[in-house]
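Please examine the fold of the protein chain shown here, and then follow one of its helices in detail.

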Amino acid sequence: NAQLHSHHLTTFADLEQRAENIYSSLLYLQLQSLGVSDVNADHAASHVGKAAGIADCIKRLIIAVQNKDRKQREIGFLDVPSILLAKYGISTERILRKGPSNELSDVIFELAILSNDHLALAKELEDTVPTEAIPGLLIA
């Protein structure tokens, strides 16, 4: 799927869609393997998967900045929405060259807020999700 391998994200919606395509899909499979077929469980899985995918984006960003070997830093791609980087006046190249900065901290903070928002939405669905679905959502 070309969407899964595209390295350019423009908006938060692009990042959320990538997270949905990868992480939420895995959660849907886990629910299916548990024999759970429930719209509320799927909805919660969607939000949990998005939160996990955004958290992975943060993790990769931090690893790339901390890696001292320039060649190793370039191996992993940084899937940060360009609109967010533009908001703080930085680029992935600058992040890789200069490392930590206040602007980078702001980018990471905004990503963390977005991830947390999805976890909060999943938590709101807790009472509607069947008990047998809970083990399938434990990625969170």
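In this predicted model, buried residues account for 39% of the 140 residues of the protein chain. The chain exposes about 7,900 Å², and carbon and sulfur atoms supply 56% of that area.

The secondary structure consists of 7 helices and 0 strands; read from the N terminus, the order of elements is α-α-α-α-α-α-α.

Helix α2, which spans residues 12–33, contains Glu 20. What surrounds this residue, once its neighbours within four places in sequence are left aside? Glu 20 is then in contact with Ser 25, Tyr 28, Ser 46 and Lys 50. With Ser 46, the side chain of Glu 20 makes a polar contact to the side chain at 2.7 Å. The reason lies in the cut-off: a salt bridge requires a side-chain nitrogen of Lys or Arg within 4 Å of a carboxyl oxygen of Asp or Glu.

Helix α2 also contains Leu 29. Is Leu 29 buried or exposed? Leu 29 has a relative accessible area of 51%, and it counts as exposed because that class begins over 50%. Together with Ile 22 and Leu 26, Leu 29 forms a nonpolar patch on the surface, and the three residues have about 260 Å² of accessible area together.

Terms used. Residues are numbered from 1 along each chain as its sequence is written. This is a predicted model: local features need pLDDT of at least 70, side-chain atom pairs count only at pLDDT 80 or more; totals for chains, interfaces and linings use all residues. Side-chain values use heavy atoms; hydrogens and water are left out. Helices (H or I, at least four residues) and strands (E, at least two) are DSSP runs, numbered from the N terminus. Buried means under 20% relative accessible area, exposed over 50%, partly exposed in between (1.4 Å probe, protein chains only). Accessible areas come from the Shrake-Rupley method with a 1.4 Å probe; for residues, only the protein chains shown count as cover. A polar contact is a pair of N or O atoms within 3.5 Å; within protein, one must be able to donate a hydrogen and the other to accept it, and residues adjacent in sequence count only if both atoms are side-chain atoms. Contact means heavy atoms within 4.5 Å. Patches are made of residues with over 30% relative accessible area and no salt bridge: like charges are joined within 9 Å, nonpolar side chains (Val, Leu, Ile, Met, Phe, Trp, Tyr) within 5 Å.
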